[in-house]
Amino acid sequence: MHATTQTMPHDPAHSAHHEAPGFWRSYIFSIDHKIIGIQYAITALAFLLFGFSLMAMMRWQIAHPGQSVPVVGPLLATLFGDVAAKGVMSADLYNTFGAMHGTIMVFLAVVPLLTGAFGNYLVPIQVGACDMAFPRLNMLSYQFYFVGGIIMFSSFFIPGGAAQSGWTSYPPLSLIVPTDGQTYWLLGMVFLITSSLLGSANIITTIIQLRAPGMTWLRLPFFTWAQFVASFLLLLAFPPLEAAGVMQLMDKVTGSSLFLPTGLAVGGKVAEVAGGGSPVLWQHLFWFLAHPEVYVLILPALGIVAEVIANNTRKPIWGYKSLVFASLALGFVSFIVWAHHMYLTGMGTTIATFFQTTTMIISIPSVIILTCLLISLWGGSIRFNTPMLFALAFLPMFGIGGLTGLPLGFSASDLHLHDTYYVIGHFHYVVAPGTIFGLFAGIYFWYPKLTGRFMNEFWGRVHFWGSLIFMNVVFMPMFAQGLAGMLRRMSDGGINYSKAQVGLEGALSPTIMELNHVILWGAVGLGLSQIPFILNLFWSIKHGEKIPNDNPWDATTLEWQTETPPYVYNFRREPIVYRGPYEYSVPGCDKDFLPQNQPDQPTSKP
Amino acid sequence: MSDAHSESYKNYTRKCLLIFLAVLCGTGLMVGASFASLASGVRIAMILTIACVNAFLVAGHLMHLISERKMVYIVLVFTVIFFIGLMGLTIWAHADVPHLKGV
Amino acid sequence: MDIPYTVKPRPDTGLYNAKIGMWLFLASEVMLFGGLFSAYIFLRVGAPAGTWPHGWLNVTLGTINTVILALSAITTLLAWVALKLNQFPRYKVFHALTILLALTFLGIKSYEYRDKFLHFEVQLKDGRIADGHMVENKRDADHIVLHGHYVENRAELMDGHTKGKEHTELKIPRADIKRMQNYGPAHNNFLGIYFCLTILHALHILGGVLVIAYIWGPGSKMWFTDPERYTNRVEVSGLFWHFVDLVWIFLFPVLYLT
Ligand code: HEM
Ligand SMILES: [Cu+2]
């Protein structure tokens, strides 16, 4: 290990030209990674709420097809006109909302929260650096994200509305829908992808180059490792989708037919295109990103959960190295499993076998990670606070999500399950009560570092129990519906299909259809459960209980060893790291934790 | 500025010019090969091989890849693996579609 | 604010920040063009028999552009070497040359594009096809004038090398025309992916020119305050420039020669 000692940027000569940079420089065009992290957090949380509301309205339509949406119906009618006449959601509007729900949740809410907000804020501090390696690019990355978000959002209000072809945007459908929504979608994606490339290159460089003296690779907190792997996934998997996006843009704008096959018929007439293209090509390029993307969705959440668990069990993470190597393996293998989303494209058996095998292989590191985290609980004296509750609930929820993935990974069972609500149940278990619970755990956990106050514990628990119960009310029935054959993306919730088939094999039974009402009320409950969270988030800034010191959770990692909120350049003096990230309850120490930057206690001479 | 220092850059400049000439020759060969009357598979293989040589000269010498740091190699090795995975598996998947077999 | 290793390499990795940053960026660029080249192969292999054209592009212009880019790669390197040897004026000359060469490349590329947009395939109602460059296409005239030739069958157009027929001035009444289309991206998938690939590549060139021009012009003040960092900038921009050259080294044979 090298031992360069850098003078940290605290000498007065430097700070002179940093005095009072003014509102715009400090909050809007800031290059401080902490401010940028907060900008990401605010924007992404707003999108999270927006994405949720889209889905809440859709759940109404599914449960009560053709009935005016309560409360917001008139608003929909004024905003969208014909497609929401009398406040009833038409199929077109349903498709728009569905496509945008997925897009917003994945690309504008959850991933930006994980990497843009948490990654930006925490990674530099956790490695002991004064900022990101490229602060200006960091600002640019947020600006690209913001513009991408604006483009996506504004597309709701153009004639014809936003994109309608799912977050997956499969051609030919995405190309033959005659409105401009898809063009906006593609343009927005190009911005979001560029933003994410800048961000991930930045995070990787920061971790490689700016680790403080003594911060060896195997002393990095697991959260930072997770960010490292996730950033690599973003860096290398997103570009092929960018390529595909540009190609689809060509098709949409110049009328080329890279994704349109020969003899394509639209509305009973052969389409006026050159043909010869391949819709399956899009699927390859899309899933080459989108499968690694699901690990981008889960890895940083696992990182957060690991930090929270280590801190609240007061004991080292069990199998830190296994966690690290499992994440690396997970990252690697996630690049070669993508076609398990495409078993139904007429794929041959040899290649299907290949992808089934890799899919099964990738569940091994996933299980290793989950097992490590579970065993970490063993024998700990667990502190049950709100962050810990969310972290604990994360484990079984992620478990359900992962295990239900296995039947999807086999082509034989996937033939039945593909495109049903079972798939929806599967990935929402990993992303909603999984990743989003991880995010909540992280927010409750690091909030004191940002504000100097705790979030209210009582309302935190209300939020937790409400979310846990209603998440399951929403998503558990979907497995039953999917197994019974209910397809996803149907704007009437399957009622027409069932009516047409009454008594026939394959018709959906009334019980299955009735579950749509259960889910609707679950979604309403879930929405209501977020109210205490939102209020708590704002209220506690001023009125929360003050933290007793800069390290209120008695944590070991570097972000807790600096002031609250951290100084502009994070540390007044460059930290020197002496130990691994999870030295809790080390025998023979007077405290039950040893911060990473605490030198070994001088051994008393005999 | 020491003489050895400037001498080593002189040598380097000379090397660059040689590489430039080599790339020119490669390009000439490629164009020549494209007009040769060979089976199209052979011709394409030849052309792409020459292209790879040219690419190696540029990446290896002009971008100094033959004497880079380990960290850069690690990044690039993974990139190349995923590149091959992307290209190889999509093409393989394409070739393995049952109804196209034996056509 | 001082971020460490912006100039000096970090001892254990041996790299300064911008260099590893640039390599990471290039890694993602490799995957970007990896996606496009995969798409190219996929489309080409999957094209219905006899619909993938050959020899539609101008090999002479392509070769000239290849040479120009290779030359510009050398001039960036010489620019960097000049800085290493402390010869700022020489640097200015070489980097200016790089910019000029890059602009020439773009000029030639636009000429090629223009040529494609003026080239038309005109399907006549009697089944014949007229193929050639548009000479006259007035909206209010009842005919168009094409400099080209007639073929019976579209397949005859697929091989651009066999210029069997002589090109003459063809006057075609609009009433005889069934469908008329230029050789733009919508013409067929070869042209679609050709435009896609080369436009993206040209955008990279343009980006490179902007960056290099900034470094060369307003950014060059840094040479007098922080020469080492400035030299690093030039080196890193050079890496990007070589990568763009590298992509062309594959684009040229793949699109023009095979
Ligand atoms: C270890 C476990 C996992 C396995 C074996 C697995 C397998 C699968 C398979 C085979 C599909 C395709 C199903 C179909 O469309 O027919 C699928 C869909 C999906 N999975 Fe997973 N998965 C796993 C973990 C995850 C994780 C951790 C996440 C996210 C954080 C995730 C997110 C998704 C998403 C978003 C989709 C659906 C995409 C769509 O069609 O819209 N999966 N999974
Ligand atoms: Cu997947």
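This briefing walks through a ligand shell, a chain-to-chain interface and a pair of domains. The model is predicted, so local features need pLDDT of at least 70 and side-chain atom pairs count only at pLDDT 80 or more, while totals for chains, interfaces and linings use all residues. Residues are numbered from 1 along each chain as its sequence is written, chains are lettered from A and ligands numbered from 1 in the order in which they are written, and side-chain values use heavy atoms, with hydrogens and water left out.

**Around ligand 1**

- Ligand 1 has 23 residues around it, and the closest are Trp167(A), Asp414(A), His418(A), His426(A) and Arg488(A); being near here takes a heavy atom within 4 Å.
- For His426(A), a polar side-chain atom lies 2.9 Å from a nitrogen atom of the ligand.
- Helices H10 (279-313), H12 (349-377), H13 (386-409) and H15 (421-451) of chain A each give two or more residues to this shell; helices are DSSP runs (H or I, at least four residues), numbered from the N terminus.
- The shell splits into eleven nonpolar, ten polar and two charged residues. Nonpolar covers Ala, Val, Leu, Ile, Met, Phe, Trp, Tyr, Cys and Pro, charged covers Asp, Glu, Lys and Arg, and the others, Gly among them, count as polar.

**Where chain A meets chain B**

- Here 20 residues of chain A are in contact (heavy atoms within 4.5 Å) with 16 residues of chain B.
- Together the two chains bury about 1,500 Å², and carbon and sulfur atoms give 86% of that; buried area is the accessible area (1.4 Å probe) that two parts lose on being put together, summed over both.
- In chain A, Leu236(A), Phe332(A) and Ile351(A) lose the most area to chain B, together 29% of what that side buries.
- The side of chain A that touches chain B has 15 nonpolar, five polar and no charged residues.

**Two domains in chain C**

- Chain C is divided into domain 1 (18-116 + 187-256) and domain 2 (119-180), with bounds from an automatic or database domain assignment.
- The centres of these domains, taken over C-alpha atoms, are 35 Å apart.
- Between them they bury about 740 Å², 45% of it on carbon and sulfur atoms.
- Trp56(C), Asp115(C) and His187(C) supply 44% of the area that domain 1 buries against domain 2, more than any other three residues.

Terms used:
A polar contact is a pair of N or O atoms within 3.5 Å; within protein, one must be able to donate a hydrogen and the other to accept it, and residues adjacent in sequence count only if both atoms are side-chain atoms.
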